[in-house]
Amino acid sequence: MLLVTSIIASALTAIFVKLSFAVIGLRRKNKVGLGSGGHEDLERAIRAQGNFAEYVPFGIILIACLELNGAPWWLVAIPGITLIIGRLIHAKGINVPPPDFGKRILGMKFTFYTLITLAVLNLGWALFMLVP
């Protein structure tokens, strides 16, 4: 069972839906069907949503693999929480005008360090489980 992954994936999905609604709202406001139509606020919202969609699936997959392979719940939960934090910080940094590059960088650091940590944890856990 993927109980921890389910909670983390649900939280991340809620954030993605919120980012998606922001894009939809700005498309309606600016009467833009495709792209950003040159509207900076819409471009920021599109990139916040797109960036989220580009990185989060890798995290969820790695979190699920770790949990499926029997890692303790806390070893699954901690990187999940840091991924959520990183994605929230990044979205906040990119969406506020003008973009807050400090928050964007911090959010990406959280995200990249979490993904790297998850990859290492998965490799380490797999090796641990393979060696008798």
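The notes below cover the nonpolar cores, the aromatic pairs, a surface patch and the salt bridges.

This is a predicted model, so local features need pLDDT of at least 70 and side-chain atom pairs count only at pLDDT 80 or more, while totals for chains, interfaces and linings use all residues. Residues are numbered from 1 along each chain as its sequence is written, and side-chain values use heavy atoms, with hydrogens and water left out.

**Nonpolar cores**

- A nonpolar core is a set of buried Ala, Val, Leu, Ile, Met, Phe, Trp, Tyr and Cys residues joined through side-chain atoms within 4.5 Å; buried means under 20% relative accessible area, exposed over 50%, and partly exposed in between (1.4 Å probe, protein chains only).
- The largest core has 20 residues, and Leu12 and Leu66 touch the most other members.
- Helices H1 (3-30), H2, H3 (73-95) and H4 each supply at least two residues of this core, with the largest share, seven residues, coming from H3. Helices here are DSSP runs (H or I, at least four residues), numbered from the N terminus.
- Beyond its neighbours within four places in sequence, Leu66 is in contact (heavy atoms within 4.5 Å) with Ala71, Leu75, Val76, Leu118, Leu121, Asn122 and Trp125.
- Apart from it lies another core of six residues, including Val23, Leu26, Ala45 and Ile46.

**Aromatic pairs and a surface patch**

- Rings of Phe, Tyr and Trp (its six-membered ring) pair if their centres lie within 6.5 Å, with planes under 30 degrees apart counted as stacked, over 60 as edge-to-face and the rest as tilted. The count by this rule is three aromatic pairs.
- In one of them, Tyr55 and Phe112 sit edge-to-face, 5.4 Å centre to centre with 85 degrees between the planes. Tyr55 is in helix H2 (residues 40-68) and Phe112 in helix H4 (residues 101-130), 57 residues apart.
- Phe112 counts as partly exposed, at 37% relative accessibility. Together with Tyr113, Ile116 and Val120, Phe112 makes a nonpolar surface patch of about 430 Å². Such patches use residues with over 30% relative accessible area and no salt bridge, joining like charges within 9 Å and nonpolar side chains (Val, Leu, Ile, Met, Phe, Trp, Tyr) within 5 Å; areas come from the Shrake-Rupley method with a 1.4 Å probe.

**Salt bridges**

- The whole structure has three salt bridges, each a side-chain nitrogen of Lys or Arg within 4 Å of a carboxyl oxygen of Asp or Glu.
- Lys29 pairs with Asp41 at 3.8 Å, tying helix H1 to helix H2.
- Glu40 meets Arg44 at 3.0 Å; Glu40 is exposed at 53%, whereas Arg44 is buried at 10%.
- Glu54 bridges to Arg47 at 3.2 Å.
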